[in-house]
Amino acid sequence: MFRSRVLCVGRRGGRRLATVAVGVSGGVDSSVAALLLKRQGHDVVGVHMSNWDHAEEGTDGECAEREREDARRVCERLGIGFHAVSFVREYWSDVFEPFVAGIARGATLNPDVACNRHIKFDRFTAHALALGADWAATGHYARVAHSEAGGSALLTAVDADKDQTYFLAAVPQASLRRSLFPLGELRKREVRALAAAAELHTAGKRESMGICFVGKRRFRDFIRSYLPPQRPGPLVCVESGRVLGTHQGVSLYTHGQRARVGGLGGRWYVAEKCLETDTLFMCEGAAHPALLTHTLEVGEAAWISGSPPGQLDSRASPSALACSARVRHRAPAIPCSVAATEPPPPPQYTARFATPVNIAVGQTVALYDGCRCLGGAQVIARGPSLHEQGKEAGAAAAARGAASVGRGAPGCLQATVCE
Ligand SMILES: Nc1ncnc2c1ncn2[C@@H]1O[C@H](COP(=O)(O)OP(=O)(O)OP(=O)(O)O)[C@@H](O)[C@H]1O
């Protein structure tokens, strides 16, 4: 249905070739993105961003320097210009501070989604255009379909395993309109083969993993220094209500995270956090019903097209949007229905999932219509967990049981039901 425009921009043979600024990270994907654009005959420049001030943070900056040097070497090998830019201040204010504020209020925001929205597809795109580029390109696994009339659509990559549209679900339309994803039609092994054939030294380089600013440190150790002083509190079993042990601070944990529980064996997970009482409610097993829910309240919705799909537009008569959703990168897309929550504003939605989901408050739900990514929204609250629903159903059954017992005892029906 959609075709990526990337291979058509500025074809040879009389048509003007484009000037393209490629975000070169020092990894294999952006190396090959630059290689392909160069081969298509475009005027290509590599731009490397620094987003984290390692000197200021007292962390090891060697790795960042190595990445920049790798990016520079790739540009040299391809015979394209290299340009370095710092978005350290912007990353701090637009990504890191909101991330820490989220953690402090019990929400776990996704820094990669925020980085794409505010840095790569805002600051970087603007910088690329200011450098005189017609387009900004990255090595993301995604496709974009540009149309004169209908704006630009974000589409999943051909390589479903590598698809990165989950992280791109909140990018602004204005930046997407100027974006190219040269790898969207390729598989990772093809990308590596292209890099090897072009003798790019990044061909065999390992994937970057984890949150970039945390590096090799333990997340809990890293984040503690940015948070208000943490108080220890109880770890409580959701099943029995028993205190199982003590934790070092509620904000150091997130829903769904595995955590050690005193001397107890087994695999324990954080099912719920209560900031008011400094309590973590724990359940045993990664598929425990306390971790799962069929409904989420979501907000801060960012729509790729720039406005909500017609069904959700409150100016028309709003109805539920039938779509599919991912609750994390690489998670399967689950059938989902999204409806405006009363009362707006700000626009807030209730998402109902065909199969239950395990996701923390603050995380992103990416919505899809087939291969088209519609946008992303942050989880504001989880609906009742399957465990809570089970308890309620049990209580209702008990009440029904009590009622039927009551019916057998003449004169007691009313009193028994009320109990
Ligand atoms: N420091 C950076 N400077 C410039 N562009 C960057 C930088 N980091 C990431 N990008 C761009 O964003 C794309 C996706 O970044 P991501 O962090 O997901 O890396 P990746 O998938 O491992 O890609 P790569 O192999 O190119 O590092 C990269 O391919 C690159 O185009």
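Helix 1 and helix 8 cross in a left-handed sense. The model that shows this crossing is a predicted one. Two packed helices are described by the angle between their axes and the distance between those axes. Here the angle is about 65 degrees, and the axes of helix 1 and helix 8 (residues 188-197) lie 9 Å apart. Helix 1 is therefore roughly perpendicular to helix 8, since angles of 65 to 115 degrees fall in that class.

Which residues make the contact between the two helices? Helix 1 brings Val28, Asp29, Ser31, Val32 and Leu35. Helix 8 answers with Val191, Arg192, Leu194 and Ala195. By class, the residues of this contact split into 6 nonpolar, 1 polar and 2 charged.

The ligand is surrounded by 17 residues. Gly23, Gly27, Asp29, Ser30 and Gly139 are the closest of them. Which element gives the largest share of the shell? It is helix 1, with 4 residues. Helix 1 spans 28-39, and strand 2 spans 43-50; each of these supplies at least two shell residues. The shell around the ligand holds 9 polar residues, 5 nonpolar ones and 3 charged ones.

Stay on helix 1 for one more residue. Leu36 sits in this helix. Is Leu36 buried or exposed? Leu36 has 23 C-beta neighbours inside 10 Å, so it counts as buried. The cut-off for burial is 20 or more. Leu36 and Gly81 are 45 residues apart along the chain, and 15 Å separates their C-alpha atoms.

Now turn to a loop. Gly132 lies between helix 5 (111-130) and strand 4 (135-137). Gly132 is exposed, because it has 10 other C-beta atoms within 10 Å, and 12 or fewer is the limit for that class. How far apart are the C-alpha atoms of Gly132 and Ala21? They are separated by 8.7 Å, although the two residues are 111 apart along the chain.

Finally, the whole chain. The protein chain has 11 helices and 17 strands. It counts 419 residues, and 38% of them are buried. Take the contacts between residues at least 6 apart in sequence: 63% of these join residues at least 24 apart.

Note on methods: Residues are numbered from 1 along each chain as its sequence is written. This is a predicted model: local features need pLDDT of at least 70, side-chain atom pairs count only at pLDDT 80 or more; totals for chains, interfaces and linings use all residues. A residue is near a molecule or strand if its C-beta atom, placed from the backbone, lies within 6 Å of it. Ala, Val, Leu, Ile, Met, Phe, Trp, Tyr, Cys and Pro count as nonpolar, Asp, Glu, Lys and Arg as charged, and the others, Gly among them, as polar. Axes are lines fitted to C-alpha atoms, for helices over the stretch in contact, and angles run from 0 to 180 degrees between N-to-C directions. Angles under 35 degrees count as roughly parallel, over 145 as roughly antiparallel, 65 to 115 as roughly perpendicular and the rest as oblique. A crossing is left-handed if the near helix is turned anticlockwise from the far one by less than a right angle, and right-handed if clockwise. Two residues are in contact if their C-beta atoms, placed from the backbone, lie within 7 Å.
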